[in-house]
Amino acid sequence: MATIEPTTRREIVLPAPPYTVDDLLKFPDDGNRYELFNGSLLVSPSPTSSHQRAIYRLQRILDDAAPPELEPLATVNLRVTDKDYYIPDLVIVPADMDQLMYAPEEILLAAEVVSPSTKERDKGFKVTAYAAAGIPSYWRVEMGEGPTIYVYELNGDSYDPPTAYKAGQVATLTTPFAVSFDPGDLERPRR
């Protein structure tokens, strides 16, 4: 008697590009991160443990400093247009919101922890895309640099050149609220 092994693999039929946010909602939950840039599909693998630790530690630092009306959230859905959709590693949003998709005007800060698979995206087009969406502040966290946090502040429709804060120095920031921390804390062992 022949048997057929069960599979968790789902097959989906994708429409022809360009893709939309509605198309993405039909994708399988397979551990990959799917984003859209002008209808083009961007796929990233699940983050490494060190990447997740850095996001978690930054979220805790920001949560401790945030006023009650704001909160940091990891990996939210940011719908800029029907063909532009991102999943920032960390954002600051109003605390009273609970929704599937966030609009750019609801995001006060977007932060990305750079990994080898996202380095060019996070350093290049995400800077331009988040600025074009009107997100007031963008932080790029480079773990391979000690770590270093690059802070971009919106000036009109683009970001000013970033200010870099390296491990061992205290980053004292005021946007979207006052917070001070050493970027090196993002990779220190648990207490």
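How many of the five residues of β6 are buried? I found that four are, and that β6 is mostly covered. I took buried to mean under 20% relative accessible area, exposed to mean over 50%, and partly exposed to mean in between, with a 1.4 Å probe and protein chains only.

**Basis of the entries**

I worked from a predicted model, in which local features need pLDDT of at least 70, side-chain atom pairs count only at pLDDT 80 or more, and totals for chains, interfaces and linings use all residues. I numbered residues from 1 along each chain as its sequence is written, and the side-chain values use heavy atoms, with hydrogens and water left out.

**Entry: the chain as a whole**

I recorded four helices and 14 strands. Helices (H or I, at least four residues) and strands (E, at least two) are DSSP runs, numbered from the N terminus. Of the 191 residues in the chain, 45% are buried. The accessible surface is about 10600 Å², and carbon and sulfur atoms account for 51% of it; this area comes from the Shrake-Rupley method with a 1.4 Å probe. I also looked up contacts, meaning heavy atoms within 4.5 Å. Among those between residues at least 6 apart in sequence, 48% join residues at least 24 apart.

**Entry: pairing of β6**

I noted that β3 and β6 run antiparallel and are joined by five bridges. Two strands are said to pair if DSSP finds at least two bridges between them. Leucine 70 has proline 94 in β6 as its bridge partner. β6 also pairs with β8 in the antiparallel sense, over three bridges. There, leucine 90 stands opposite alanine 111 of β8.

**Entry: helix α2**

I followed α2 over its 17 residues; from first C-alpha to last it reaches 24 Å, close to the 24 Å expected at 1.5 Å a residue. The expected span is 1.5 Å times one less than the number of residues in the helix. The buried residues of α2 are His51, Ala54, Ile55, Arg57, Leu58, Ile61 and Leu62. Viewed down the helix axis, these buried residues fall within an arc of 165°, so they line one face of α2. The arc is that of the directions from the helix axis to the C-beta atoms. The cover over the buried residues of α2 includes β3, β6, β8, β9 and β14.

**Entry: nonpolar cores**

I used the term nonpolar core for a set of buried Ala, Val, Leu, Ile, Met, Phe, Trp, Tyr and Cys residues joined through side-chain atoms within 4.5 Å. The largest such core has 24 residues, of which Leu58, Leu62, Trp139, Leu173, Val179, Phe181 and Leu186 touch the most other members. Elements giving two or more residues to this core include α2 (49-65), β6 (90-94) and β8 (109-113). The largest share, five residues, comes from α2. Leaving aside residues up to four places away in sequence, leucine 173 touches Trp139, Val151, Tyr165, Ala178, Val179 and Phe181. I noted a second, separate core of 21 residues, with Leu78, Phe125, Ala133 and Tyr159 among them.

**Entry: leucine 109**

Leucine 109 lies in strand β8 and, at 1% relative accessibility, counts as buried. Again leaving aside residues up to four places away in sequence, its contacts include Leu62, Leu90, Ile92 and Pro176. Tryptophan 139 is another residue that leucine 109 touches; the two are 30 residues apart in sequence, with 7.5 Å between their C-alpha atoms.

**Entry: helix α4**

Why is α4 largely enclosed by the rest of the structure? I counted six of its eight residues (125-132) as buried, so the helix is largely enclosed. The buried residues are Phe125, Lys126, Val127, Ala129, Tyr130 and Ala131. Just after α4, glycine 134 takes a positive phi of about 85°.

**Entry: backbone exceptions**

Most residues other than glycine have a negative phi, and most peptide bonds are trans. I found that asparagine 38, in the loop between β1 (33-37) and β2 (40-44), has a positive phi of about 55°. Asparagine 38 is exposed, with a relative accessible area of 56%. Threonine 75, in the loop between β3 (70-74) and β4 (77-81), has a positive phi of about 45° and is partly exposed at 39% relative accessibility.

I recorded a cis peptide bond from glycine 146 to proline 147, with omega near -10°; proline 147 lies in the loop between β9 and β10. A cis peptide bond also joins threonine 175 and proline 176, with omega about 5°, and proline 176 is in the loop between β13 and β14.
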